[in-house]
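Subject: Structure handover

Hello,

Here is the structure you will be taking over. My notes on it follow below.

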Protein chains: 2
Amino acid sequence: MVNRHEILKEIVTSSGGKIVLLVMDGLGDLPINGMTPLMKASTPNLDSLAKESELGQTIPVLYGITPGSGPGHLSLFGYDPVEYKIGRGILEALGIDVEVEKNDMVARGNFATISDGVIVDRRAGRPPTEESAKVVQVLKENIEEVDGVRVEFYPGREHRFVVKFTAEWLDDSLTDADPQKEGNPMEWSKPLKPEAERTAQVVNKLIERIGEVLKDRPKMNWALLRGFSKYPKLPQFSEVYKVKAAAIATYPMYRGIAKLVGMNVLESGETIEDELKALEENWNDYDFFYFHVKKTDSYGEDGKFDEKVHVIEETDSIIPGILELKPDVLVVTGDHSTPCLMRSHSWHPVPFLIHSKFARKGLSKVFNEFECARGTLGTFYALDAMSLMLAHAGRLEKYGA
Amino acid sequence: MVNRHEILKEIVTSSGGKIVLLVMDGLGDLPINGMTPLMKASTPNLDSLAKESELGQTIPVLYGITPGSGPGHLSLFGYDPVEYKIGRGILEALGIDVEVEKNDMVARGNFATISDGVIVDRRAGRPPTEESAKVVQVLKENIEEVDGVRVEFYPGREHRFVVKFTAEWLDDSLTDADPQKEGNPMEWSKPLKPEAERTAQVVNKLIERIGEVLKDRPKMNWALLRGFSKYPKLPQFSEVYKVKAAAIATYPMYRGIAKLVGMNVLESGETIEDELKALEENWNDYDFFYFHVKKTDSYGEDGKFDEKVHVIEETDSIIPGILELKPDVLVVTGDHSTPCLMRSHSWHPVPFLIHSKFARKGLSKVFNEFECARGTLGTFYALDAMSLMLAHAGRLEKYGA
């Protein structure tokens with residue numbers, strides 16, 4: 001891919017209009033009985049917006065590639081997810097609201113069952129979250145540092161937890177401490193370059209210590225650690241796009257990703273209406289608002305068609321409130337598709353609508369997957385959405401004479 | 001971007017059909033009262049051509065990126081404008097018909113007002129073109145060389161002029177000699193690499209000499225020099241596409257860009273009808289004709305909707321004349337959009353029509369932005385237009401066995 005940031009650096013200006021990027025997570029879907037949730041939903045506001053907007057559809061990464069939440073959002077924010085990789089440890093940590101700083105390294109942990117050095121269950125029988133949280137508490141009380149490296153534990157769902165290591169010299173070029181397959185002997189973390197040797201020793205020593213502390217438990221008697229990652233250095237929104245950006249999102253992972261790219265994360269409450277209120281209250285202080293609606297994805301993952309329809313209708317109901325603020329640019333899209341039929345993220349293109357006074361409007365009358373596929377914007381990479389929004393907001397100069 | 005030239009090198013043949021690339025500058029537009037100029041114009045010939053053609057729309061550089069005339073044309077000619085940058089000095093020089101050769105370096109000049117070393121007006125009060133031309137004449141008479149480097153001055157519009165330096169060893173890796181902001185002290189040109197040190201000295205010495213010559217004038221008493229550029233080395237049409245190419249264009253800048261890529265620039269007269277005549281007269285001597293219509297862009301820049309409509313209608317009227325020559329391939333498109341609403345170039349996709357006996361025709365009945373957005377060619381990079389034209393002209397072999 002062409003490096004979009006290199007091009008934008010030459011032409012982005014620090015003045016211009018206000019932008020709202022409304023992301024309905026996992027918005028795109030597949031028809032069931034001829035209708036997708038977007039088609040089934042009663043969306044009078046989105047449909048009348050469509051008449052005054054340009055439509056298109058985005059490819060989150062590449063044709064056929066299903067993005068995780070990290071790559072899906074990075075693309076929309078204009079960061080090539082193939083170039084900017086966010087370690088799974090970081091995403092897991094962000095997802096449970098762990099603060100990660102410059103000298104920290106995080107890893108995803110699994111409680112596991114070991115017997116005679118062989119991993120017999122990588123998930124320790126999927127313990128209930130509360131039971132697992134108690135074991136995390138035991139680890140907290142018993143282990144605070146390893147070889148001078150501060151160690152902290154954070155409970156996750158079921159068998160999952162997060163470990164945070166803190167020391168100036170940590171290096172995350174490490175292999176996973178995980179045999180991947182059950183019935184295999186424990187696999188220790190290995191350094192991928194000489195500078196990470198010392199970090200690997202600390203990681204492996206920690207696992208041994210955890211094993212000692214938990215050795216008498218029947219199931220949760222071992223830990224696997226994976227996805228070692230330091231805080232990733234991403235170019236910041238204020239530098240690359242010269243906008244003051246705010247994030248309105250209720251789920252920790254999305255708040256975390258927004259923070260990584262330099263957005264101010266606002267108090268956003270719990271409901272979509274709370275989020276609209278946060279937008280209204282902070283309207284004058286920012287140039288760019290990322291507004292995240294989570295539950296379209298959650299219901300897609302659960303295969304709950306009607307509930308997904310309902311979240312879309314709820315989101316439709318706040319469109320007039322957003323328009324009352326008179327954003328210069330309003331984009332309504334998703335970070336990927338999550339078809340109810342598949343109960344998972346998918347690779348399908350994502351509906352995209354851009355509203356501004358410079359929209360080549362007039363072709364479309366409703367907002368759904370099929371209308372977007374025929375829209376005037378065509379099919380494009382989500383990676384191009386940022387430059388499109390900045391252009392519509394009058395924030396880009398001409399490229400070349 | 002994939003290097004298209006590398007691929008073409010393997011498959012392009014030197015025989016095949018004749019191609020006409022008709023570029024209506026700034027063709028794409030936005031609807032006003034539901035109609036773009038292309039929709040409003042009465043274009044019976046283009047519409048009946050659309051029925052026998054494939055339609056699509058092009059992205060000149062990237063989504064959201066508004067191209068200058070240089071990048072817009074380079075893309076259409078198949079040269080990635082991100083890779084091939086044409087210095088602003090060169091474009092300015094080409095635009096006023098200055099001949100630039102291998103040992104030349106050109107720069108854009110501004111007459112400015114200096115007071116106690118501070119630039120108080122970067123444009124010297126925007127003098128009338130005639131007045132500025134007289135001052136250029138004074139410079140010509142007083143300065144012919146600096147440190148053995150030959151120096152020539154050419155008048156431009158208002159405060160603008162062009163300087164051409166000639167010596168074998170010149171290096172254009174220089175910063176602009178321009179403080180950018182008024183109220184700042186003069187900024188001298190600095191070399192961006194050691195080899196350009198000597199050139200920077202010549203440039204700065206020239207500015208001092210200009211200052212001496214003009215010191216008693218109240219306003220035009222200084223010069224800022226920017227956009228230093230040597231003649232860019234671009235792969236030539238005859239090499240990369242194996243076609244003998246001619247340019248029919250009435251404006252110097254477009255004649256200049258065509259020359260840079262190795263086209264023969266024909267006597268083209270002043271009107272669209274003159275241009276058609278040039279096409280007819282030279283028909284037998286070339287394989288590829290670039291035919292440029294300027295005023296669609298000029299009227300877009302002036303916000304003159306009806307006049308843009310009229311230029312489109314005038315262009316429509318010569319379509320039968322072009323078809324009578326029986327080109328194997330006729331493309332009708334623009335280099336970018338110039339919406340009357342915006343009075344400037346824009347990033348919006350550009351209508352594209354390709355007519356040949358191998359067109360997948362049948363879907364479209366008219367030629368306009370919306371019909372093109374839904375055309376069988378889809379939305380594609382202008383950079384891909386050349387290979388498409390060559391393919392339709394039977395000038396590309398199969399790629400791979």
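Is Asp29(B) buried or exposed? Asp29(B) counts as buried, because 32 C-beta neighbours lie inside 10 Å. A residue is called buried if 20 or more other C-beta atoms lie within 10 Å of its own, exposed if 12 or fewer, and partly exposed in between, with C-beta atoms placed from the backbone.

Before the rest, some conventions. This is a predicted model, in which local features need pLDDT of at least 70 and side-chain atom pairs count only at pLDDT 80 or more, while totals for chains, interfaces and linings use all residues. Residues are numbered from 1 along each chain as its sequence is written, and chains are lettered from A and ligands numbered from 1 in the order in which they are written.

Surroundings of Asp29(B)

Asp29(B) sits in the loop between β1 (19-24) and α2 (37-40) of chain B. Helices (H or I, at least four residues) and strands (E, at least two) are DSSP runs, numbered from the N terminus. Leaving out residues up to four places away in sequence, Asp29(B) touches Thr36(B), Pro37(B), Leu38(B), Gly300(B), Ser337(B), Pro339(B), Cys340(B) and Glu369(B). Two residues are in contact if their C-beta atoms, placed from the backbone, lie within 7 Å. Glu369(B) is 340 residues from Asp29(B) along the chain, yet their C-alpha atoms are separated by 7.5 Å.

Chain A as a whole

Chain A has 14 helices and 14 strands. Its radius of gyration is 23 Å, close to the 21 Å that the globule rule gives for 401 residues, so chain A is as compact as a globular protein of that length. The radius is taken over C-alpha atoms, and the rule is 2.2 Å times the number of residues to the power 0.38. Along the principal axes, the C-alpha atoms of chain A fill a box of roughly 70 × 50 × 40 Å. Of the 401 residues of chain A, 53% count as buried. Among its contacts between residues at least 6 apart in sequence, 72% join residues at least 24 apart.

The two copies

Chain B is superposed on chain A by a rotation of 125° with 0.3 Å of shift along its axis, and the RMSD is 0.2 Å. The two copies are thus related as by a three-fold rotation axis. The superposition is by least squares on the C-alpha atoms of residues with pLDDT of at least 70 in both copies.

The contact between the chains takes 31 residues from chain B and 23 residues from chain A. On the side of chain B that touches chain A, the elements giving two or more residues are α4 (69-76), α5 (88-95) and α13 (369-373) of chain B. By class, the residues on that side of chain B are 16 nonpolar, eleven polar and four charged. Here Ala, Val, Leu, Ile, Met, Phe, Trp, Tyr, Cys and Pro count as nonpolar, Asp, Glu, Lys and Arg as charged, and the others, Gly among them, as polar. The copies meet through different surfaces, because only 10% of the interface residues of chain B are also interface residues in chain A.

Helix α14 of chain B

Helix α14 (residues 385-392) of chain B has six of its eight residues buried, so it is largely enclosed by the rest of the structure. Those buried residues are Ala385(B), Met386(B), Leu388(B), Met389(B), Leu390(B) and His392(B). Their cover includes β1, β2 (54-59), α4, β12 (329-333) and β13 (350-355) of chain B. Following α14(B) is Gly394(B), with a positive phi near 70°.

A helix pair in chain B

α5(B) and helix α9 (residues 252-260) of chain B pack at an angle of about 120°, with their axes 7 Å apart. That makes α5(B) oblique to α9(B). Axes are lines fitted to C-alpha atoms, for helices over the stretch in contact, and angles run from 0 to 180 degrees between N-to-C directions. Angles under 35 degrees count as roughly parallel, over 145 as roughly antiparallel, 65 to 115 as roughly perpendicular and the rest as oblique. Leu91(B), Leu94(B) and Gly95(B) in α5(B) meet Pro252(B), Met253(B), Gly256(B) and Ile257(B) in α9(B). This contact has five nonpolar, two polar and no charged residues.

Ala124 in chain A

Ala124(A) is not a glycine, but its phi is positive, about 50°. Ala124(A) lies in the loop between β4 (118-121) and α6 (129-142) of chain A, and counts as buried with 26 C-beta neighbours inside 10 Å.

Regards
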